[in-house]
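Thank you all for making the time this morning.

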Amino acid sequence: MNLTKDVVYVDNNATTRVAPEVIEAMMPFLADYYGNASSIHRFGGQVRHAIDEARARLAGLLGAAPGEIVFTSCGTESDNAAILSALENDVARRKVVTTRVEHPAILGLCTALQKRGYHIEYCPVNGKGMICLDRLCEMIDDQTAIVSVMWANNETGNIYPVINLADIAHEHGALFHTDAVQAVGKVPIDLARTKIDFLSLSGHKLHAPKGVGALYIRRGTKFNPFQIGGHQEGGLRAGTENVAGIVGLGRAALLAAENMEEERTRVAALRDRLEAGLLATCPNARVNGNPPSRLPNTTNISFEFVEGESILLMLDQFGIAASSGSACTSGSLEPSHVLRAMGVPYTAAHGSIRFSLSRYNTDAEIDLILEKMPPIIRRLRDISPFGRDQL
Ligand code: PLP
């Protein structure tokens, strides 16, 4: 296989580089300490201890108690587990309230639930991608088992008022879940101060490896396991633990907690410089989303009258890896469901590019993108009859 790793990587909402410190922490559990955490012998016991340490570290990042963390395989599993558990635990309530801009991990499940006879209500968003709060509140009633609203959107970076929404859900006797896959490690989270019942996260979005995630379950919230079998994870998630992955997630959580403030400022400054530079040098470009309430690492920009896919391919020739919409919709020519929900015109939604940065991006990389993008946009508009007519 011909592999390349020379890349200017600005696609961190799709996945992140595993931090060297995380790899270092994981290696012993791949090479030497391969015991089973459920075994009685010391060789298994030390592995159990490593899992406990990782649990405490992740709990620390979230302001949770270690006993409130269940390790899973990914964000999707955590999302599914939370919603299905809520429906199973309160069979009289058959309604789920969510939004039109959730990740397919939620929307796909909701479509399947609808086919099984559940009632799903999708809250719309405004032109900036913010949830219409009045509409959401009207949707929550005594039939609602669970409200699920993401902490931050993977495409625009928009941050939603999940702490307030959890209070509102509870006023109606409903549970509250948040998909915080894009938020954890990027913005401060202190769950002890909230009424959030469930929170999903995924290792590979915060510099831990793929194949490990977690579900926070508030102490006292009823939970029916999604994956049933052995007694691992206190009986809440069966299956022999992905020890190296869990240790890696614990180490990544510690790194995020230690560096969050400094990195938020530095990464946001890089993102802002990139955004301002592109808007200044590329005519007919506009930001999708709500800059006052956005993740520090994300900008989503529409370059009108060009195809996002063509921009991505040309950027790729310079070793720049970005994304149009979310990774799950790349490769399809359908405009992203998030931008459609926001009412972004077709000609702009098609030409949208998401740049999502991380602590590993540098000023020189931003300079390179700022140098390459304007001629790419000019050239694509020149060869597109659509673009020429419009400008
Ligand atoms: N939720 C959000 C907001 C995401 O961005 C993603 C991944 O892109 C997921 C859920 C799914 O996470 P995973 O890939 O770990 O299943």
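How many salt bridges does the structure hold? The structure holds 15 salt bridges, where a salt bridge is a side-chain nitrogen of Lys or Arg within 4 Å of a carboxyl oxygen of Asp or Glu. One of them joins Lys 95 to Glu 121, with the closest N and O atoms 3.1 Å apart. Because Lys 95 lies in strand 3 (residues 95-99) and Glu 121 in strand 4 (residues 119-123), the pair ties together parts that are 26 residues apart in sequence; helices (H or I, at least four residues) and strands (E, at least two) are DSSP runs, numbered from the N terminus.

Please keep in mind that this is a predicted model, in which local features need pLDDT of at least 70 and side-chain atom pairs count only at pLDDT 80 or more, while totals for chains, interfaces and linings use all residues. Residues are numbered from 1 along each chain as its sequence is written, and side-chain values use heavy atoms, with hydrogens and water left out.

Let me turn to the domains. The chain is divided into domain 1 (8-16 + 260-390) and domain 2 (20-255), with bounds that come from an automatic or database domain assignment. Between the two domains, 31 residues of domain 1 are in contact with 36 residues of domain 2, contact meaning heavy atoms within 4.5 Å. Together the domains bury about 2,700 Å², 55% of it on carbon and sulfur atoms, where buried area is the accessible area (1.4 Å probe) that two parts lose on being put together, summed over both. Of the area that domain 1 buries against domain 2, Thr 16, Met 260 and Leu 295 supply 22%, more than any other three residues.

As for polar interactions, the count of salt bridges between domain 1 and domain 2 is zero, whereas 16 residue pairs are in polar contact across this interface, both residues at pLDDT 80 or more. A polar contact is a pair of N or O atoms within 3.5 Å; within protein, one must be able to donate a hydrogen and the other to accept it, and residues adjacent in sequence count only if both atoms are side-chain atoms.

Finally, the ligand. A polar side-chain atom of Asp 179 lies 2.6 Å from a ligand nitrogen atom, and a polar side-chain atom of His 204 lies 3.0 Å from a ligand oxygen atom. From the backbone, a polar atom of Gly 75 is 2.8 Å from an oxygen atom of the ligand.
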